[in-house]
Amino acid sequence: MLKALRPLASGIEGLIDRLGTLTAWIALVMIGLVATNVILRYTLSLGSVWAQELEWHLLAALILLGMSHALQRGDNVRVDLFYARYSPHVKRVVDVVSALLLIAVALAFIYLSLGYVEQSRSIMEGSPDPGGIPYRWAVKALIPLGYGLLVLQQLAHLLRLLTDAVEPVEPKEAARV
């Protein structure tokens, strides 16, 4: 039964990987934008509220769309001092419990942010600064989207943990040097 869910986990992980590639491009655009803003500001005394706000909007997209990819790749911060000493069974239990807790927290963030985003959309909130970016609700909408992706990623992780518990994967032979 659980083995049949592996393709679902693979599909979710593929989506998260593609979004990870998108966030890499967002980071590259953001670096270029920041460099351009700094060069223009300090060499020609030119600045733009719109360009500075775009930096923050790209940063929000980078973080909210990239956090599920970072977690999938294991690039998150974890206290390995204790975890490294655990047996494989205890590690699996810790991973399942932490995945469930993260799903609960992410769902809470989604629930709490929906009203925030809807309020911003209903008044068509824009930048309070002249020349700023309109439609601030669009960047706020990344909050439930980002946490929704985190829920999907953790569900895929749980499926992997549970299917591997039922049918353990054979360990790969160590490379010989």
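Where does serine 45 lie? Serine 45 is in the loop between α1 and α2. Helices here are DSSP runs of H or I, at least four residues, and strands are runs of E, at least two, numbered from the N terminus.

Before going on, this is a predicted model: local features need pLDDT of at least 70, side-chain atom pairs count only at pLDDT 80 or more, and totals for chains, interfaces and linings use all residues. Residues are numbered from 1 along each chain as its sequence is written, and side-chain values use heavy atoms, with hydrogens and water left out.

Back to serine 45. Its phi is near 55 degrees, a positive value in a residue other than glycine. Serine 45 is exposed, with a relative accessible area of 66%; exposed means over 50%, buried under 20%, and partly exposed in between, with a 1.4 Å probe and protein chains only.

Methionine 124 also has a positive phi, about 50 degrees, although it is not a glycine. This residue sits in the loop between α4 and α5 (136-140), and at 43% relative accessibility methionine 124 counts as partly exposed.

The axes of α1 (residues 6-43) and α2 (residues 49-73) come within 8 Å and cross at roughly 150 degrees. Axes are lines fitted to C-alpha atoms, for helices over the stretch in contact, with angles from 0 to 180 degrees between N-to-C directions. α1 and α2 are therefore roughly antiparallel to each other, the term for angles over 145 degrees. By class, their contact has 15 nonpolar, eight polar and four charged residues. Nonpolar covers Ala, Val, Leu, Ile, Met, Phe, Trp, Tyr, Cys and Pro; charged covers Asp, Glu, Lys and Arg; the others, Gly among them, are polar.

Next, the core. The largest nonpolar core has 25 residues, and Leu65, Leu142 and Tyr147 have the most contacts inside it. Such a core is a set of buried Ala, Val, Leu, Ile, Met, Phe, Trp, Tyr and Cys residues joined through side-chain atoms within 4.5 Å. The elements giving two or more residues to this core are α1, α2, α4 (88-122) and α6 (142-166). The largest share, eight residues, comes from α6. Leaving aside neighbours within four places in sequence, tyrosine 147 is in contact (heavy atoms within 4.5 Å) with Leu64, Met67, Ala106, Phe109 and Ile110.

Last, valine 49, in helix α2. Valine 49 is partly exposed at 33% relative accessibility. Not counting residues up to four places away in sequence, valine 49 touches Asp129, Pro130, Gly131 and Gly132.

Notes: Parallel < 35°, antiparallel > 145°, perpendicular 65-115°, else oblique.
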